[in-house]
Amino acid sequence: MTDRPNMPGALKPAASLSRELDSENRESASLGPSLKEPRTAAPLAPGLYLVATPIGNLGDITLRALDVLRGADRIACEDTRHTQKLLNHFQIATPTLSCHEHNEHQRTEELISALKSGGRIALVSDAGTPGISDPGGRMVKAAIAAGVPVIPIPGANAALSALVASGLSAAAFQFLGFLPEKAGARRTRLEALVREQLEEPRTLIFYEAPHRIEEALADLEAVWGPELRVVLARELTKLHEEFLRGTVAEVRHELAGRERIRGEITLLIEAPARSAQPPEEQARKREALSARLARLQSESGIDEKEALKRLARELGKSKSELYRELQRERAQRR
Ligand code: SAM
């Protein structure tokens with residue numbers, strides 16, 4: 001472990017800090033001197049700083065984040081115009097440069113060379129923690145490979161904020177980012193998740209766009225059933241922050257009654273353990289679509305077209321979507 005005496009919020013060498021943590025005075029040691037004493041303008045240690053920024057409420061910026069943004073040579077931003085508003089608000093004049101998914105490759109080379117010569121670079125995304133469904137991963141890998149210190153500056157993150165207030169278990173959870181945009185790919189992804197179910201229940205966390213949330217919920221209901229517990233966390237930390245908690249059927253019903261769904265959404269579900277499903281339900285889910293269609297046809301004496309229509313209704317899918325899935329399944333079996 002290396003000491004970084006110049007890092008804000010960690011002004012003491014690591015050895016003396018750990019001695020303090022062992023003493024009775026844990027709370028004041030962990031707060032660090034910066035909350036109790038005037039902040040010093042000590043220069044930052046060289047390295048790549050991953051700085052979390054607010055996900056809506058500017059009050060969520062941390063003191064350390066402000067120090068790092070002030071003290072860095074440059075701030076690499078997902079969108080410089082967006083970050084400039086934050087910097088203006090806190091009167092930070094550090095120069096910015098863009099670093100997004102389209103130029104990350106070229107920027108990485110440039111910034112790694114600056115870091116290797118002792119530079120201090122802060123990396124921010126538009127909101128929240130960089131690298132979480134946001135650019136940053138490539139730069140981190142390159143910095144580690146170049147032997148450059150990588151320093152996280154923790155702060156806001158939509159997934160964890162939603163999780164801790166959701167009421168769902170945080171003992172075992174999985175963050176899965178955005179679901180695929182296309183209906184077929186999304187359904188395939190969710191079906192794969194059902195197959196991956198563990199022996200223990202776990203909370204799954206997704207990011208979702210407001211214009212796709214109703215489709216995503218319909219898919220979740222079709223795959224896991226109407227009793228699936230979900231929590232929709234909307235506009236976290238903002239004026240219209242909202243949590244919708246209930247079964248997927250209830251949350252869908254609530255949203256269907258709204259004129260428009262706006263804002264940023266994090267969606268959580270309580271994925272049941274495999275063993276929690278009744279055996280007949282497990283068998284039904286494993287049953288191939290073609291077999292279900294054939295069974296429906298023979299039980300009801302209807303043709304394939306009609307059976308497809310009924311099954312689509314039962315699963316909450318469109319006929320064409322179900323047809324595409326059937327084709328995929330048949331192709332896999334060939
Ligand atoms: N890096 C960010 C983080 O640490 O949370 C996430 C960036 S990702 C591109 C943006 C997505 O995060 C949004 O589409 C939404 O799903 C979720 N999100 C961001 N801010 C949110 C908020 N205030 N409330 C709920 N979800 C939010």
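The legends below describe close-up views of a predicted model.

**View 1. The shell of residues around the ligand.** There are 24 residues around the ligand, and those that come nearest are Gly 128, Ala 158, Tyr 207, Leu 236 and Glu 264. By class, this shell has 10 nonpolar, 8 polar and 6 charged residues. Domain 1 (43-156) and domain 2 (159-275) each contribute at least three residues to the shell. At least two shell residues come from each of helix H7 (158-166), strand E7 (202-208), strand E8 (229-234) and strand E10 (265-271).

**View 2. The packing of helices H5 and H6.** Helix H5 (residues 104-116) packs against helix H6 (residues 137-145) at an angle of about 35°, and the axes are 10 Å apart. The crossing of H5 past H6 is right-handed. On the H5 side, Glu 104, Thr 108, Leu 111, Ile 112 and Leu 115 take part, and they meet Arg 138, Met 139, Ala 142 and Ala 143 of H6. The residues of this contact comprise 6 nonpolar, 1 polar and 2 charged.

**View 3. The open sheet.** An open sheet of mixed pairing is formed by 5 strands in the order E6-E7-E10-E8-E9. Strand E6 (173-178) and strand E9 (242-247) are the edge strands, each pairing on one side only. From one strand to the next, the twist averages 15°.

**View 4. The pairing of E8 with E10, and the helix across the sheet strands.** E8 and E10 are paired in the antiparallel sense over 5 bridges. Opposite Thr 266 in E10 stands Ala 233. Helix H9 (residues 213-224) lies across E7, E8 and E10, and H9 runs at about 5° to E10.

Methods. Residues numbered from 1 in each chain as written. Predicted model: local features only at pLDDT ≥ 70, side-chain atom pairs only at ≥ 80, totals over all residues. Near = placed C-beta within 6 Å. Helix = DSSP H or I, 4+ residues; strand = E, 2+ residues; numbered from the N terminus. Nonpolar A, V, L, I, M, F, W, Y, C, P; charged D, E, K, R; others polar. Domains from an automatic or database assignment. Axes fitted to C-alpha atoms, helices over the stretch in contact; angles between N-to-C directions. Left-handed = near helix turned anticlockwise from the far one by under 90°. Contact = placed C-beta atoms within 7 Å. Pairing = 2+ DSSP bridges.
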